[in-house]
Amino acid sequence: MRLNYLFSGIEVEVLQGFEHRGVVPINFPQDICMFRINEISMAVGLRYLKNGDNVLTIYRRDKSTFHQVFEFSSNHLTKIDCRAVKNVGYVAVVNSISSADDSSEIPSSFVYSVKINERNELDIDTMQIFPEPNQINVRLWSRNDDLFLIYTYNANALPSTCTLYKLFGETFNATDFL
């Protein structure tokens, strides 16, 4: 419901009717997304630390409190996106490494799968690595029960290039180049 108020001579529109569901305990997130698997709410946050590290954190909601369940740090993390399909969560990550970087032990960009096992515990695994350097953005979206992924990357000062992937089983396969 929307209500209009007059505040210092300016009409302000206020949304009401939202119910407080909890607070994700991340200070000054650069990016945040949420999804649900098996009726459990999950949150993923990306924050930048003063020491230059960037931290991706996954939280699980229990009652009205979010608890940290996973963390990954790299000074190259720049973007995240998440989505759930068929009770599996997917977290796509841009770990923006240029081809000139000597960081071969850290994947360029990747997708985590998030599942809840029979003991009601989380299983978080690196599902797939995308080795193209200079990635700048990522998006996940679903249509019906299909999951799609797009990474945008700069290709040697050319206009940005995008690769469209579709999830087949447990692997994202390239289906188009935009």
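These notebook entries record what I looked up in the predicted model above.

**Ground rules.** I number residues from 1 along each chain as its sequence is written, and I leave hydrogens and water out, using heavy atoms for side-chain values. Since the model is predicted, I kept local features to pLDDT of at least 70 and side-chain atom pairs to pLDDT 80 or more, while totals for chains, interfaces and linings use all residues.

**Entry 1, the sheet.** I looked up the strand order and found 4 strands in an open sheet, arranged E3-E4-E5-E6 with antiparallel pairing. From one strand to the next the twist averages 20 degrees, with axes fitted as lines to C-alpha atoms (for helices over the stretch in contact) and angles running from 0 to 180 degrees between N-to-C directions. As a reminder to myself, strands of a sheet pair through backbone hydrogen bonds, either parallel or antiparallel.

**Entry 2, strand by strand.** E3 pairs with strand E4 (residues 40–48) over 7 bridges in the antiparallel sense, and within that pairing I noted aspartate 31 opposite leucine 46 in E4. E4 is in turn joined to E5 by 7 bridges, again antiparallel, with alanine 43 opposite tyrosine 59 in E5. These two strands form a hairpin with 5 residues between them, and glycine 52 in the turn has a positive phi of about 100 degrees. E5 and E6 run antiparallel and are joined by 9 bridges, with valine 55 standing opposite serine 73 in E6. Their hairpin has 2 residues between the strands, and here lysine 63 in the turn carries a positive phi of about 60 degrees. I also checked the burial of strand E5 (residues 54–62): 8 of its 9 residues are buried, so the strand is largely enclosed by the rest of the structure. Throughout, buried means under 20% relative accessible area, exposed over 50%, and partly exposed in between (1.4 Å probe, protein chains only).

Searching the whole structure, I found 1 disulfide, taken as a pair of cysteine sulfur atoms within 2.5 Å. The disulfide joins cysteine 33 to cysteine 82, with an S to S distance of 2.2 Å. The pair links distant parts of the chain, 49 residues apart, with cysteine 33 in strand E3 and cysteine 82 in strand E7 (residues 77–85). Cysteine 33 counts as buried at 10% relative accessibility, and cysteine 82 is buried at 5%. I looked up cysteine 162 as well, and this residue is buried with a relative accessible area of 16%.

A nonpolar core here is a set of buried Ala, Val, Leu, Ile, Met, Phe, Trp, Tyr and Cys residues joined through side-chain atoms within 4.5 Å. The largest one has 20 residues, of which Val44, Leu56, Val91 and Val114 touch the most other members. The elements giving two or more residues to this core are E3, E4, E5, E7, strand E8 (88–95), strand E9 (109–116) and strand E10 (122–130). I also noted a second, separate core of 16 residues, which includes Val85, Val111, Val138 and Leu140. Going back to valine 114, I listed its contacts (heavy atoms within 4.5 Å), and among them are Phe35, Ile37, Met42, Ile58, Val91 and Ile124.

Serine 74 is in strand E6 and counts as buried at 4% relative accessibility, while asparagine 95 is in strand E8 and is buried with a relative accessible area of 0%. Their side chains make a polar contact at 2.9 Å, where a polar contact is a pair of N or O atoms within 3.5 Å; within protein, one must be able to donate a hydrogen and the other to accept it, and residues adjacent in sequence count only if both atoms are side-chain atoms. The side chain of serine 74 also reaches the backbone nitrogen of histidine 76 at 3.1 Å, and that of asparagine 95 reaches the backbone nitrogen of leucine 77 at 3.3 Å.

Note on methods
Two strands pair if DSSP finds at least two bridges between them. Lists of a residue's contacts leave out its neighbours within four places in sequence.
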